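Subject: Structure handover

Hello,

My notes follow below it.

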Protein chains: 2
Amino acid sequence: MTDVAIGVDVGGTKALALIVAVDGRVLGEALADTPHNFAESDGVAATTVLAGLVEELCARHSLRVRDVPVGIGLPGLMRDGRLAFAPNLQSASGANVGTMLGELLASPHVYCENDGNCAALGEHQWGAARGIDDFVMVTLGTGIGGGLFADGQLVRGRSGFAGEIGHMVVKARGAACPCGGRGCWERYASGGGLHRLTRAYAVEGRLPTLVSRVGDAGSVRGEDVTAAATEGLGEAVVLMKEVGWWLALGIANLVAILDAGHFVIGGGLSSCSGLVLPWAREYLTDLVEGYGARPAITLTPSMFGPRSGAMGAALVAFERNA
Amino acid sequence: MTDVAIGVDVGGTKALALIVAVDGRVLGEALADTPHNFAESDGVAATTVLAGLVEELCARHSLRVRDVPVGIGLPGLMRDGRLAFAPNLQSASGANVGTMLGELLASPHVYCENDGNCAALGEHQWGAARGIDDFVMVTLGTGIGGGLFADGQLVRGRSGFAGEIGHMVVKARGAACPCGGRGCWERYASGGGLHRLTRAYAVEGRLPTLVSRVGDAGSVRGEDVTAAATEGLGEAVVLMKEVGWWLALGIANLVAILDAGHFVIGGGLSSCSGLVLPWAREYLTDLVEGYGARPAITLTPSMFGPRSGAMGAALVAFERNA
């Protein structure tokens, strides 16, 4: 086992790379935009960005690239090292990202894993789920990623695709999703869902103060809503309550199916978990079947927020390189 | 281990009791209406019916009640022997059915289990899931019951409540469910869902032939639709296609969450699985995220149909009495 590893979390919007010590200390970080909306899905653009992040961190820390194991958390179905299906990373859907990146970096130490699984691994090893062997990781980013832990182990399912909780349909024939489906949970309760709800509220005239601040309904962003909700602006709080309701709805489904008791909420949107989780907890009492007959259900903010996935990707690099 | 056991499956409409040999042969059966819509939920009415079924089977087979282990499959959350929450069996919700029945029968050999779990156990031991150690049991009855198998074992979750798949919300703010929620899967894809869709179709004028046959829109039953669909009546086939679509929608959610590959479809509605499963299989190709990136997903009719639960309840009796 080496002393340090690099973990990269490739989201639908940004890629975050961390250089992490074996005890979980973060030694450095680098960030880049994820290429997307490319006509080609050959993965070249995406892996070039990832290689740049790894090289940048290695250069900064005076390390040779081939000496540092690299873990990559990817947003989609990983099969035989290939990113078999990635609705939020069309520019690399179908590509063998691990092999391509290994070749670009001339490194034999590149390891890929689903991003939701990475987040669960990171929080279980070093974060909010330390010592909790049964929990569900829910990452609220562009989409919703997930990782299921049972008996201290990641639940992988038949092909390693388990935990794609963001594509659970919660509103039949609802909002269109990049996965090709409609009404997926991540269309309602993620950062992307916040954005979508913001647009809808603005157009419906339900955000009059915010629209008057930014000038027109089309320009109100999710960040404007979270900032205003933090200040207590009523119209923004109402919208965040709705995000909390949708979050609770999907969690209630996972409780019904898995009888899970602990949920760790991470991802970019978790930075405003104080605006969402209290409502989600309240709505759970109505939305969980037989709520009163069950032991308490805990929703905990992740320790690493938008960094959980990169932390877990570094852990994957440590473990597979051992 | 005794040579025979009695398994009782308590549905929302009927209770079915089977006397089963240790090798899975069914030696006899008895059926009764389930008491429901009672103001009291003390379980007295329900356990009296169950005791009658057990006594009837024992008398017919010249057995002493106390010598025969009895397994009861109950539609709801089982906790510490108590039926902690049972939306489809309000007359016993909250009651300690096992203890009450043991006292009524003066038998120390009464064992309770969730009905969906029973169905999964029965099909895994003797039926369509024999030799398949990872599968999801889906029982289409008054509601939808479920049982999850992984590595040859029932997945129980934190309190033994896992597999309550019928109360996964697939249509936010949709049809009201006896569980107190709205838009639960079982409001769309179960026998009860067929009934509800039939009423809706009839009222909307989408079942003109069937309405003219029975006289008025309020009198068309689910059975009329399945019979007419078997004959190939277009309007009935359209409705069964919709049931198949809803079935596929929930299964697609379970695939996303669990990465399950095998589904065994049982329960009363499975008697017309030929009218539903072909459509469900077809819709899965659209509804499963990344369908083409995954190995094939199988939907198999159960071997025991509406008897799976009672078979599994008998298995529970054998195993816990051993």
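Ile265(B) sits opposite Pro301(B) in β12(B). Further along that pairing, His262(B) faces Thr298(B) of β12(B). β11 (residues 262-266) and β12 (residues 298-301) of chain B run parallel and are joined by four bridges. Strands here are DSSP runs of E with at least two residues, helices are runs of H or I with at least four, and both are numbered from the N terminus. Two strands pair if DSSP finds at least two bridges between them.

This is a predicted model: local features need pLDDT of at least 70, side-chain atom pairs count only at pLDDT 80 or more, and totals for chains, interfaces and linings use all residues. Residues are numbered from 1 along each chain as its sequence is written, while chains are lettered from A and ligands numbered from 1 in the order in which they are written.

**The sheet in chain B**

β11(B) also pairs with strand β8 (residues 135-140) of chain B, in the parallel sense and over four bridges. There, Thr139(B) has Gly266(B) as its bridge partner. β11(B) is largely enclosed by the rest of the structure, because four of its five residues are buried. Buried means 20 or more other C-beta atoms within 10 Å of the residue's own; exposed means 12 or fewer, partly exposed lies in between, and C-beta atoms are placed from the backbone. One general point for reading the sheet: in a regular strand the side chains alternate between its two faces.

**The two copies**

Chain B can be laid on chain A by a turn of 180 degrees and a shift of 0.0 Å along the axis, with an RMSD of 0.0 Å. The two copies are thus related as by a two-fold rotation axis. The superposition is by least squares on the C-alpha atoms of residues with pLDDT of at least 70 in both. The same surface serves both copies: 97% of the contact residues of chain B recur in chain A.

Across the interface, 36 residues of chain B are in contact with 35 residues of chain A. Contact means C-beta atoms, placed from the backbone, that lie within 7 Å. On the chain B side, β5 (77-79), β6 (82-85) and α8 (234-258) each give two or more residues. α8(B) gives the most, with seven residues. By class, that side has 21 nonpolar, seven polar and eight charged residues. Ala, Val, Leu, Ile, Met, Phe, Trp, Tyr, Cys and Pro count as nonpolar, Asp, Glu, Lys and Arg as charged, and the others, Gly among them, as polar.

**One glycine**

Gly181(B) is in the loop between β10 and α4 (186-189) of chain B. Gly181(B) counts as buried because it has 22 C-beta neighbours inside 10 Å. Leaving aside neighbours within four places in sequence, Gly181(B) is in contact with Leu287(A), Glu289(A), His167(B) and Val169(B). Leu287(A) is one of the buried residues of helix α9 (residues 273-287) of chain A. The buried residues of α9(A) pack against α7 (222-231), α8 (234-258), β11 (262-266) and β12 (298-301) of chain A.

**Chain A overall**

Chain A has 10 helices and 12 strands. Of its 322 residues, 60% count as buried. The C-alpha atoms fill a box of roughly 55 × 50 × 35 Å along the principal axes. Among contacts in chain A between residues at least 6 apart in sequence, 64% join residues at least 24 apart.

**Domains of chain A**

Chain A is divided into domain 1 (4-120 + 307-321) and domain 2 (133-302). Those bounds come from an automatic or database domain assignment. The C-alpha centres of domain 1 and domain 2 of chain A lie 25 Å apart. The contact takes 17 residues from domain 1 and 19 residues from domain 2 of chain A. On the domain 1 side, β5 (77-79), α3 (115-126) and α10 (308-321) of chain A each supply at least two residues. α3(A) gives the most to that side, with five residues. The residues on that side of domain 1 divide into six nonpolar, nine polar and two charged.

Best regards

Note on methods
Contact = placed C-beta atoms within 7 Å.
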